[in-house]
2 protein chains.
Amino acid sequence: MSQARKINVGLMGLGVVGGGVASVLLDTDQQVSAQVGMPVTLKKVLVRDSSRQRDTSVPVEMLTTDPEDLLGDPDIDMVVEVMGGIDPAARYLSRALASGKHVVTANKEVMAKHGPELFKAARQGGANLLFEASAGGGIPIIGSLMGQLLANEIRSIRSIINGTTNYILTRMAYQGAQFSNALAEAQEQGYAEADPTNDVEGYDAVYKISILASLAFHQRVPPEDVYREGISRLEPQDFRYARELGYAIKSLAIATLDPEGVGARVYPVLIPVDHMLGKVDGVYNAVEVTGSLCGQVLLHGMGAGRGPTTSAVVGDLIDIGRRIQAKEPPADAGFSGSSGRKPLPVRSMDDLHTRYYIRLNVTDQAGVLAQISRILGDLGISIASVLQKDTFPQDQTAELVITTHPSREASVQEALRLVGSLGVVNRVSNMLRIEE
Amino acid sequence: MSQARKINVGLMGLGVVGGGVASVLLDTDQQVSAQVGMPVTLKKVLVRDSSRQRDTSVPVEMLTTDPEDLLGDPDIDMVVEVMGGIDPAARYLSRALASGKHVVTANKEVMAKHGPELFKAARQGGANLLFEASAGGGIPIIGSLMGQLLANEIRSIRSIINGTTNYILTRMAYQGAQFSNALAEAQEQGYAEADPTNDVEGYDAVYKISILASLAFHQRVPPEDVYREGISRLEPQDFRYARELGYAIKSLAIATLDPEGVGARVYPVLIPVDHMLGKVDGVYNAVEVTGSLCGQVLLHGMGAGRGPTTSAVVGDLIDIGRRIQAKEPPADAGFSGSSGRKPLPVRSMDDLHTRYYIRLNVTDQAGVLAQISRILGDLGISIASVLQKDTFPQDQTAELVITTHPSREASVQEALRLVGSLGVVNRVSNMLRIEE
């Protein structure tokens, strides 16, 4: 690494976000250099295909398809990675850090899965590693957890951190759309990919809450320990019934800390319509942090897209630039569990204690509710409300919507298994948890 | 200043917040030391009267009434000031910084009025100066403006940053309370002081928006350049009419940047009920930042009180502690206009261009509206809606509520002067601006 009188940046990836970062670095008014206090220059851009036409003003001679032109160049002080995916991104970043190149990455999957190795490489190379853009886009949540909120013991994070999912849920709530139609519309608008699995099945949110929980609790919360349910099973009537009960349906990524352990989960929930998180609509994201001192803090903004992601990436770049200028040793975020504290166990979903919304399709006859309530009662599940909703005279069935008082997840799962096997119950149509 | 193997802290002020900071620093599990990476110790606490009983566990031998015991002690590395007021706080902090002691302050008045001198002293002494608690309490807004959002050109800030005012407005909106009753209730609840002028007349919010605007725009926006109106002239019917028109009434602290200049103002406005800022209730605060890249980001949380303020103060303390540990030179926030850019002028309120809500008490007879509309029309003010509201048959008067399309402030002020002098107009009861 050069003994910097200026900072040379190597950019990996020139898609939507890479184009945004490049245009900020190439801008003639040099705001980034002014903020850092020394010249910051884009030197090389790694692309897959250098002949492709791009809507950026990156000079063609900066483009390369050979990672060695960045990783092997001792004059490159900092690597900004916005290419995405695990391989080869994780390998490139690990090598960059170990050789003393600072790294800014927007890669949630790499940070969630390989964060600890990357921090190890960073310590080895004496390099900084920042990743504000990996969760919450333009919302300054990661820096807040690593900085301004550090005085708190963070007790919980509840977040809407997948814009695609929230866009679909918003369409289903306001237009009464079917999931498949809302998804098709999101794809048309460019908010969902051709294969939407990563978003709608919750994987993207799992990576993000894994990162946020690891920072908040100062211990590693790997993605495989995050319980996950997608939103594809939701039906228009769930939104209708939820609204009648005073709730919105949102997919939340939740992380909790209590003396018994850490919990982390991604799933659709009922949340009161007048709760701040119930009002986050469209592609917006929001993260609510509950801390021992600050109480509840909520950050709301655009979680994805060229501008917001560029904002986060360049913010990190300026931060590292200032540290280079000030010759500050790298910050250890405690991200990988290096805080010296004994890590708490991850709590089993079986032990979750919350309220439940249960929608059943039942035979429209007397005595059905009695049979169902007996099963619930025997398992210690107390009913909060029962709504007999739409009836379907043609096949003599009806929809029954039950909400419970706080109950144990394992008991509810067992109850649903038993209820589903009753002769008078045609189908357990849906089960959702309720957040208050 | 000692060549720190540990960090000695001197605390100025042992009120509600001082007690919170002291209890975190004295806590036996030493989380702050763990976060900083070296021991952080409370050494001395400056109080007005050391014999007073306090509900903190600060050992009596730490208390002193002599500022020299902190300022003159070379072993004290950092001063945390939570005493409030201009004098003697500004003098103490200036001296501490010039002699190389790092400073964390929660003092909005000192930062707004004397920020530039303090930063000068900090540069002179090679010390850090942080002030997260001076605006927004537990909301991490100042650090975000100084860090994660730096890649943006900030275009505007709109904020609810005085909890007392917002509590009173919330009571007036939901209970139909008179201002004086809502204020009395806020005083009973401990949310308003015996002399509420500082809060309800907007001075407190002026200091805070002065700080936020200076950070956001990288130039000094002194409090005397912030236009200010309080909330004491609001009446219950304003809330009623606003709601009918689809608006909430909130006191906003606003700062804007456009090529012609910087604008800063604190006043009550009508804002759509479904806008995020329209939903911020009670003592909560919120700050909405619009940036060139990030779009709109909103931060919501507790803006005052022991916990949230302690969270911000101790967050700053950890930040500085890490810089001491890393031997990083002090950060220059560009707060005092040291960015090297040519500062933009402050725009006159006369040039404000916005929509207006006007409530008039008029004689209940034909032709009144014609006379008023002629005046407005002649001044180029276009009417958006007219509501003839409550009539008072006993004195043959009626209330007329007019909203305008975007108009120039100077024209509206002139129109109100002329309308007020009409024989058929008994009173211009209120004028409020409308934020969209």
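1. A word before we start: two strands count as paired if DSSP finds at least two bridges between them. Keep in mind, too, that this is a predicted model. With that in hand, look at strand 11 of chain B, which is joined to strand 12 (residues 295-302) of chain B by 8 bridges, the two running antiparallel. A hairpin of 3 residues links strand 11 of chain B to strand 12 of chain B. For a landmark in this pairing, find Glu288(B), which sits opposite Leu298(B) in strand 12 of chain B.

2. Strand 11 of chain B also pairs with strand 7 (residues 154-160) of chain B, in the antiparallel sense and over 6 bridges. Here Ser156(B) has Thr290(B) in strand 11 of chain B as its bridge partner. How many residues of strand 11 of chain B are buried? The count is 7 of its 8 residues, so this stretch (residues 284-291) is mostly covered, given that a residue is called buried if 20 or more other C-beta atoms lie within 10 Å of its own.

3. Helix 1 (residues 16-26) of chain B is another element to look at for burial. It is largely enclosed by the rest of the structure, because 8 of its 11 residues are buried. Those buried residues are Val17(B), Gly18(B), Gly19(B), Gly20(B), Val21(B), Ala22(B), Val24(B) and Leu25(B). What covers them? Strand 1 (7-12), helix 2 (31-36), strand 2 (40-46), strand 4 (78-81) and helix 12 (306-326) of chain B are included in the cover.

4. Phi of Gln30(B) is near 50 degrees, a positive value in a residue other than glycine. Gln30(B) is partly exposed, with 15 other C-beta atoms within 10 Å.

5. Chain A has a case of this kind at Gln396(A), whose phi is positive at about 50 degrees although it is not a glycine. Look for Gln396(A) in the loop between strand 14 (383-392) and strand 15 (397-404) of chain A. Is Gln396(A) buried or exposed? It is exposed, with 10 other C-beta atoms within 10 Å.

6. Next, check the cis peptide bonds. One joins Asp87(A) and Pro88(A), with omega about 15 degrees, and Pro88(A) has its place in the loop between strand 4 (78-81) and helix 4 (89-98) of chain A. In chain B, the bond from Asp87(B) to Pro88(B) is cis, with omega near 15 degrees; Pro88(B) lies in the loop between strand 4 and helix 4 (89-98) of chain B.

7. Now the helix pair in chain A. The axes of helix 5 (residues 108-125) and helix 10 (residues 203-217) of chain A come within 8 Å and cross at roughly 55 degrees, and these two helices are therefore oblique to each other. Helix 5 of chain A passes helix 10 of chain A in a left-handed crossing. Among the residues that meet are Met111(A) and Gly115(A) from helix 5 of chain A, and Tyr207(A) and Ile211(A) from helix 10 of chain A.

8. Finally, the contact between the chains, which takes 42 residues from chain A and 42 residues from chain B. On the side of chain A that touches chain B, helix 12 of chain A gives the largest share, 10 residues. That side divides into 20 nonpolar, 18 polar and 4 charged residues. Strand 12 of chain A and strand 12 of chain B pair in the antiparallel sense over 3 bridges, and Leu299(A) stands opposite Leu299(B) in strand 12 of chain B.

Terms used
Residues numbered from 1 in each chain as written. Chains lettered and ligands numbered in written order. Predicted model: local features only at pLDDT ≥ 70, side-chain atom pairs only at ≥ 80, totals over all residues. Buried ≥ 20, exposed ≤ 12 C-beta atoms within 10 Å, placed from the backbone. Helix = DSSP H or I, 4+ residues; strand = E, 2+ residues; numbered from the N terminus. Contact = placed C-beta atoms within 7 Å. Axes fitted to C-alpha atoms, helices over the stretch in contact; angles between N-to-C directions. Parallel < 35°, antiparallel > 145°, perpendicular 65-115°, else oblique. Left-handed = near helix turned anticlockwise from the far one by under 90°. Nonpolar A, V, L, I, M, F, W, Y, C, P; charged D, E, K, R; others polar.
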